[in-house]
Amino acid sequence: MADTKRKSLLTKFNILLVLFYIGSLAATAPLVYYVTRAQTYESANKELSLLVDMVKSLRKYVAEDVRPPLLEQGIYHPPAVSSTVATGRVALRFLQAQPEYYIKVASDNPLNPKNAPVPFENTLLEIFRNNPGKEELIETGEINGKRFLVSSRPSRSKASCMVCHGDPAAAPESIREQYGTDSGFNYPAAGEVVGASVVGVPIGNIDAIALQRSLVVIGIITGLFTVFFLAANWMMRRSVIGPVVEITKVAREVSKGDLNTKVEMVRNDEIGDLAHSFELMRRSLVAMLKRARSQ
Ligand code: HEC
């Protein structure tokens, strides 16, 4: 009965160690996973705000420094007059050097078919149209099969846009020649959303990186634990289990009547004290028996 429930000291000790191991994994691995994710998002956010501010500065430069004097002279050269076109041309060159990023001005009524929206950009346009007060959206989304952290701003129709995006018949000759007259014209009344400027930084493998780091931590903890487990077991066997088994064996012999079996153990610890006390007891027994016999 008692034997079925019997657990050796070493087993109890090992159960405790394994529970401790599982506990430390359960606490550490998810923590590493979430901290890594948070850090990656934070650095993506920093990159994004850098890129967004650069694009904004470029647009302001075109709108404030370049466009007014040219319009005064009746020059409608789009890359110099339209901040959207200028952004597109700069983005083209920037993306050649940094192909993992994403910069685009998307519109569902585009002059240039390259600027037609992908599904994620359609969603952004819809959100801006349904929320007229919204000036910026930061979202994660999939574009052409890759994941990005995206900052998006609405492009709104203004009177000044109509020179090129109004009646196609009145649009500059160069624009009609390059883009035709099917799309990109007849912009709605001022204030309506006609496009979305989209800037994205890649976050594709965030989960993979976080998972990988968690696995490395699990590996390290498991390695350290294995070494500790083996060392602790060796110590337990050598210092506790072995001597206790030996003392038990001698105690059995003595109890069977063999009073000459000695505990031979010289140790300066609690087990040593036990062995010594046992030996004293055995000697007293021997002396008592001798006395009893001689009487
Ligand atoms: C001087 C002419 C001109 C003016 C003014 C102008 N644009 Fe454009 N816009 C263009 C050209 C040309 C393109 C095509 C760029 C390309 O090939 O990528 C374009 C592209 C765009 C696009 C990207 C989608 C597309 O049509 O290809 C949006 C959105 C846009 N413009 C919005 C505006 C808004 C809003 C204004 C007014 C605030 C404006 N534009 C003023 C010439 C102009």
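User: In the salt bridge where the side chains of Arg283 and Glu279 meet, what is the N to O distance?

Analyst: In this predicted model, Arg283 and Glu279 both belong to helix 9 (residues 270–294), four residues apart, about one turn of the helix. Glu279 is buried, its relative accessible area being 7%. Salt bridges with shared partners join Glu279, Arg282 and Arg283 into one network. For the pair Arg283 and Glu279, the N to O distance is 3.3 Å.

User: Which residue meets Glu136 in a salt bridge?

Analyst: Glu136 lies in the loop between helix 5 (119–130) and strand 2 (137–143), and its partner lies in strand 3 (residues 146–156), so the pair ties together parts that are 17 residues apart in sequence. Glu136 is partly exposed at 32% relative accessibility. The N to O distance is 3.7 Å, and the partner is Arg153.

User: Is Thr36 buried or exposed?

Analyst: Thr36 is part of helix 2. A polar atom of the Thr36 side chain lies 2.6 Å from the backbone oxygen of Val32. Buried means under 20% relative accessible area. Because its relative accessibility is 3%, Thr36 counts as buried.

User: Which residue forms a salt bridge with Lys56?

Analyst: Lys56 is partly exposed, with a relative accessible area of 34%. The N to O distance is 3.8 Å, and the partner is Asp53.

Terms used:
Residues are numbered from 1 along each chain as its sequence is written. This is a predicted model: local features need pLDDT of at least 70, side-chain atom pairs count only at pLDDT 80 or more; totals for chains, interfaces and linings use all residues. Side-chain values use heavy atoms; hydrogens and water are left out. Helices (H or I, at least four residues) and strands (E, at least two) are DSSP runs, numbered from the N terminus. Buried means under 20% relative accessible area, exposed over 50%, partly exposed in between (1.4 Å probe, protein chains only). A polar contact is a pair of N or O atoms within 3.5 Å; within protein, one must be able to donate a hydrogen and the other to accept it, and residues adjacent in sequence count only if both atoms are side-chain atoms. A salt bridge is a side-chain nitrogen of Lys or Arg within 4 Å of a carboxyl oxygen of Asp or Glu.
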